[in-house]
Amino acid sequence: MENSIYLHIPFCVRKCDYCDFLSFPGALCSDDIKAAYVDALIREIKLMPKAADRISTVYIGGGTPSLLDPSYMDRIMTTLHEEYDISHDAEISMEVNPGTVDMEKLGILRRLGINRLSMGVQSFDDRELKLLGRIHDSSDAKRCYEDARKAGFTNVNIDLMMHIPGQSTGSLKKTLEVVRQLAPEHLSCYSLIIEEGTPFYDRYSQRPMDEDTEAKMDVLMREELKAMGYGRYEISNWALEGFECRHNLGCWHRDPYRGYGLGAASLYRDMDGKEYRFTGERDLQVYITKMQALNPGDDPDMGEPLTQKDRMEEFMFLGLRCIKGISSREFENVFKKSMEEVYGAVLDRYLAMDLLEKDGDRYFFTSKGLDVSNVILADFLL
Ligand code: SF4
């Protein structure tokens, strides 16, 4: 089991055209606001109740955490070490966007103890990057990757985006060829989702790509990554052996984690085994003001504990995202009920359709099932 911390840094140079993450460019990303935010974040880490004694993974996400000045990162990392026992072999990941770091900055981050980088590359095709509204081009992305290697990072993830309007199997193949040359340890490959409230939502009222083209791209990506030696360990995640992201695996296995920062989510397990899933304040100014007013011993608003039904649903739909699937023995240990008793009809239906498979006590998606996993996962809501 991992005990984890997530830190949210909500600043970006510019808002990408598809993005609905909690991140702010422009006036809300000024030096003064960044300074006030880091102070607030540090107060929250210091004054709020602790997550666990020993921490095995830390994930610094955003936004664009690499926009922060290294002196702020130094203060944040120092605070974490003062307040928590961070295990000597902890995985400490940070999201980095090309165009926001150079080798010197990356060297400082490495020396601060960050040992895994997750790069928001999305594509190595300049036309696609421009269309997405990213601030970088493919040369920036390659330079950023090479700088990370020179700075001593030996565990690097590249985020790729699939189903970008106008993307073709040809352009995807070229992007994957660059991936092959760079050889990162980990790849996250997400489908573009067109979210309401984004410029993309207004621009693409129709689905920008037909299902056949999407399916051809998915097959190409899977075959190429497999040929390069990557193993798929989660619906959207691939890694060389031993480089699976421990932090994310912990989230899918429902290990506890404490989120600090704007809108950060937590899964908290108390001494009695009660579990709380809660999210922090989402308004930037309100967050800063609240943290300034924080007193030692103040508690986060954790809401109601999760019910048995909530926990069972999460066990199923988070666990099934992993290629190894879920263990019916573990389900029974946790919930004192057999998985078949609760989910027998759904499991039988998808086993019969060859979308799920069972081996020993584990259920997992077949490759056919992975293609329609979103639809199937929704059926595990009770
Ligand atoms: S860099 Fe990431 S978080 Fe920032 S606007 Fe773009 S997609 Fe959103």
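Before we go on, a word on the model. Keep in mind that this is a predicted model, where local features need pLDDT of at least 70, side-chain atom pairs count only at pLDDT 80 or more, and totals for chains, interfaces and linings use all residues. Residues are numbered from 1 along each chain as its sequence is written.

The peptide bond from G62 to G63 is cis, with omega near 15°. G63 sits in the loop between β2 (54–62) and α2. Another residue to look at is H163, which has a positive phi of about 70° although it is not a glycine. You'll find H163 in the loop between β5 (156–162) and α6. For background, most residues other than glycine have a negative phi, and most peptide bonds are trans.

**Two domains**

The protein chain is split into domain 1 (4–251) and domain 2 (308–378), with bounds that come from an automatic or database domain assignment. Their centres, taken over C-alpha atoms, are 29 Å apart. Four residues of domain 1 are in contact with five residues of domain 2, where contact means C-beta atoms, placed from the backbone, within 7 Å. On the domain 1 side, the touching residues are two nonpolar, no polar and two charged.

**Helices that pack**

Two packed helices are described by the angle between their axes and the distance between the axes. The axes are lines fitted to C-alpha atoms, for helices over the stretch in contact, and angles run from 0 to 180 degrees between N-to-C directions. Helices (H or I, at least four residues) and strands (E, at least two) are DSSP runs, numbered from the N terminus.

| Helix pair | Angle | Axis distance |
|---|---|---|
| α6 (169–182) and α8 (211–227) | about 20° | 10 Å |
| α1 (31–47) and α2 (70–83) | roughly 5° | within 10 Å |
| α1 and α10 (284–292) | roughly 50° | within 9 Å |

Angles under 35 degrees count as roughly parallel, over 145 as roughly antiparallel, 65 to 115 as roughly perpendicular and the rest as oblique. So α6 is roughly parallel to α8. The α6 and α8 contact brings T169, L172, K173 and L176 of α6 up against K216, M217, L220, M221 and E224 of α8. By class, that contact has five nonpolar, one polar and three charged residues.

α1 and α2 are therefore roughly parallel to each other as well. On the α1 side you'll see V38, L41, I42, I45 and K46, and on the α2 side Y72, R75, I76, T79, L80 and E83. Their contact has seven nonpolar, one polar and three charged residues.

What about α1 with α10? Given their crossing angle of roughly 50°, α1 is oblique to α10. A36, Y37, A40, R43 and E44 of α1 meet Y287, I288, M291 and Q292 of α10. The residues there divide into six nonpolar, one polar and two charged.

Note on methods
Two residues are in contact if their C-beta atoms, placed from the backbone, lie within 7 Å. Ala, Val, Leu, Ile, Met, Phe, Trp, Tyr, Cys and Pro count as nonpolar, Asp, Glu, Lys and Arg as charged, and the others, Gly among them, as polar.
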